[in-house]
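Q: Hey, I've just been handed this one and I'm new to it. Can you walk me through it?

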Amino acid sequence: MAHAWQGKLEKLDNFRWKIPQTYKSGMNVPGLIYANESLLSGILNDKAPEQVANVAFLPGIVKYSLAMPDIHWGYGFSIGGVAATDPENQGVVSPGGVGYDINCGVRLVRSDLTLKELGSKLETLVNLLFNNIPSGVGSSGNIRASVKDEEEIFVKGAEWAVKKGCGVKEDLEFIEDKGSMEGADPSKVSKRAYERGRDQSGTLGSGNHFLEIQVIDEIYDEKKANAFNLFKGQITMMIHSGSRGLGYQICDDYVKSMISCLSKYNINVPDRQLACAPINSPEGKAYLASMKCAANYAWTNRQCLMYLARDVFEKVFNKSWSSLGLRLVYDVAHNIAKMEKHKVGDKEKFLCVHRKGATRAFPPGHPDLPDSYKDTGQPVIIPGDMGTFSYILAGAAGSMEETFGSTCHGAGRCLSRSNAIKACHGRQIDKELFNKSGIIVRAKTRGTLAEEAPEAYKNVSEIVNVVHGAGLSIKVARMRPLGVIKG
Amino acid sequence: MKPFELIDHTADVGIKVWGNTLTELFENAARGMFAVIAREAYKPQGSKIEKNIEIYKNTDSFEEILVNWLSELLYVFNREKIYFSDFKILSLNNNGIEAQANGVNLDLYQSNLYTEIKAVTFHNLKIEEDVNGFNCTIIFDV
């Protein structure tokens, strides 16, 4: 079969495919795609490999332009891309390498409930969650923040929410960076971005964002599952959301302003959407300080969403959330840039790791992990589509050796939104899901349901098997959806 | 000549836009963007609101002005909840753009709106000129 990608690709082993640096003049490093044969066939029909090659143009990029198995065509960077840049070698930071939805991410909440105990309450629970959690395009929330509050959210992140009573201190332990990146500077955030962020705290948003009630139906690693407090038959809740309008505006502001940096710093990239600036330049520093505000806002947002959801559980089960065991397992960011220590050759260096549609996956023993996960590795949360499965993995040593502590982030789309809508024409996806699998779906619009239909996504199990097989992260448990609320 | 058509993009949404003149291209791009937001057949109801849009940007790149123009409309749409359907460009040159946009007030949260556009991207954006006029492809992050 003829593929859209006509360039050279070297098979390194069953999980690794290399785009040689010679593919395009201007690439500073080769590209490396993690995939198996069947995923690769889909990947090569997309424009994503070209984007992997384009990212290799970034000044100061280290080792490889990396692509996870859920890679698909994005804008500038592909989605599922990882790139680390070295500030000591003219390394740049690119807002497009983070994306518009800064700190889009997922959190997993466990419970003591079993499927049997949930029983007939599922429908009431899903309906009440749908009514109580603001979702949909441009939705506004009930958790209101003043201008002063907003500034505090930017600097302190999820801690702000806990201070306001939305959760407990213990929650913060189980959020990447404890829900707050240091060095956020609200003065670098435009007035427009402030405005767009103000009334959207505690809102889910639209598109692929969701809140899902799930049951664990398979355990792969008993020991790690125990450490994560997970067991077969257990009810869990997954929340997928980001920084909403605030993040979009910050990215938009800085992509626009960094286009002029390309000539100022004499940077050659093949796509303007890869606009970037040296990490230590005034523009690069300003972007990072501003991006951190949005990252902190997103963690606050997911904290508020969890608070709203815990409240709903309390009403439905007439018990406190703590006696229901509704504890946070972990919260990960999958659109972010971070300064992290990594080994390059035999030296340790601080690199700027861009993860666009990729998840941090620190292995056992990493100093940034909470004590209770020191022996297991970081929980990695991989949402699938609403009809099949989601996974929880644990970071493994391979990620530090190969992918700057990163792994995949989800199923990854295989159908465009319009093709998904065409494929679902005349069908009622929510009814299909209910009749086939008993999954209760509530969504603001029918369009969202068709766009997000299970067949629009790649097979998440295959994606997870690749990162497991490549040693980037280890499978711990699988969750099956029971109820989904969508924007 | 078609004003615009929606194109396929795996994760996001794009439009291909045509115009006999650069001005028409910019007007059609705005129409195309709002068609992405709420489907082409969508007929907004309500009392008309007129907005003046002025962007001053000294640049050789009309692509940059185009992204700025669409981003500005998107910003007003998000902030003031005005769904624009009619555009008249008064001036367009290397110093920026002046235009009038007409639309109706729409409560996003209450309406059955279709797609949230996060941003207008620069991804592979190039305004091309041929014997028929101008064309370009714009990718939105949705």
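Predicted model: local features only at pLDDT ≥ 70, side-chain atom pairs only at ≥ 80, totals over all residues.

Q: How many residues link E4(B) to E5(B)?
A: Two residues, in a hairpin.

Q: Which sheet are those strands in, and what's the strand order?
A: They sit in an open sheet of three strands, ordered E3-E5-E4 in chain B, with antiparallel pairing. Strand E3 (48–56) and E4 of chain B are the edges, each pairing on one side only. On average, neighbouring strands of this sheet are turned by 20° against each other, ignoring direction.

Q: Let's zoom out. How many helices and strands does chain B have?
A: Two helices and eight strands. Starting at the N terminus, the order in chain B is β-β-α-β-α-β-β-β-β-β.

Q: What about the overall dimensions of chain B?
A: Its C-alpha atoms fill a box of roughly 40 × 35 × 25 Å along the principal axes. The radius of gyration of chain B is 14 Å, which agrees with the value near 14 Å for a compact globule of 142 residues. Buried residues make up 47% of chain B.

Q: Is strand E2 of chain B mostly covered or mostly open?
A: Mostly covered: E2(B), residues 13–19, has six of its seven residues buried. It pairs with strand E1 (residues 4–8) of chain B in the antiparallel sense over five bridges, and there Ile7(B) has Gly14(B) as its bridge partner. E2(B) also pairs with strand E8 (residues 133–141) of chain B, again antiparallel, over seven bridges.

Q: Switching to chain A. How many helices and strands there?
A: Chain A has 16 helices and 19 strands. Its C-alpha trace spans about 65 × 55 × 45 Å along the principal axes. With 487 residues, a compact globule would have a radius of gyration near 23 Å, and the 21 Å of chain A agrees with that.

Q: What share of chain A counts as buried?
A: 62% of its 487 residues. As for contacts in chain A between residues at least 6 apart in sequence, 77% join residues at least 24 apart.

Q: What's the strand order in the seven-strand sheet of chain A?
A: E1-E2-E3-E4-E5-E13-E12, in an open sheet with mixed pairing. Its edge strands are E1 (10–11) and E12 (335–344) of chain A. Inside it, strand E3 (residues 31–34) and strand E4 (residues 65–75) of chain A run parallel and are joined by three bridges. One example is Gly31(A), whose bridge partner in E4(A) is Ser65(A).

Q: Which strands does helix H2 of chain A touch?
A: H2(A), residues 48–55, packs on the sheet and touches strand E2 (16–19), E3, E4 and strand E5 (77–85) of chain A. The direction of H2(A) makes about 110° with that of E4(A). Helix H16 (residues 460–469) of chain A lies across E3 and E4 of chain A, at about 145° to E4(A).

Q: And which residues are buried in helix H8 of chain A?
A: In H8(A), residues 191–198, the buried ones include Ala193(A), Arg196(A) and Gly197(A). They cover an arc of only 100° around the axis, so they lie on the same side of H8(A).

Q: What do the buried residues of H8(A) pack against?
A: Helices H5 (147–156), H10 (244–264) and H11 (282–317) of chain A, together with helix H2 (62–80) of chain B.

Q: Last one: where is Asn419(A) found?
A: In helix H13 (residues 417–423) of chain A. Asn419(A) is partly exposed, with 16 other C-beta atoms within 10 Å. From Asn419(A) to Ser461(A) is 42 residues in sequence and 23 Å in space, C-alpha to C-alpha.

Notes: Residues numbered from 1 in each chain as written. Chains lettered and ligands numbered in written order. Helix = DSSP H or I, 4+ residues; strand = E, 2+ residues; numbered from the N terminus. Rg over C-alpha atoms; globule rule 2.2 N^0.38 Å. Buried ≥ 20, exposed ≤ 12 C-beta atoms within 10 Å, placed from the backbone. Pairing = 2+ DSSP bridges. Contact = placed C-beta atoms within 7 Å. Axes fitted to C-alpha atoms, helices over the stretch in contact; angles between N-to-C directions. Arc of directions from axis to C-beta.
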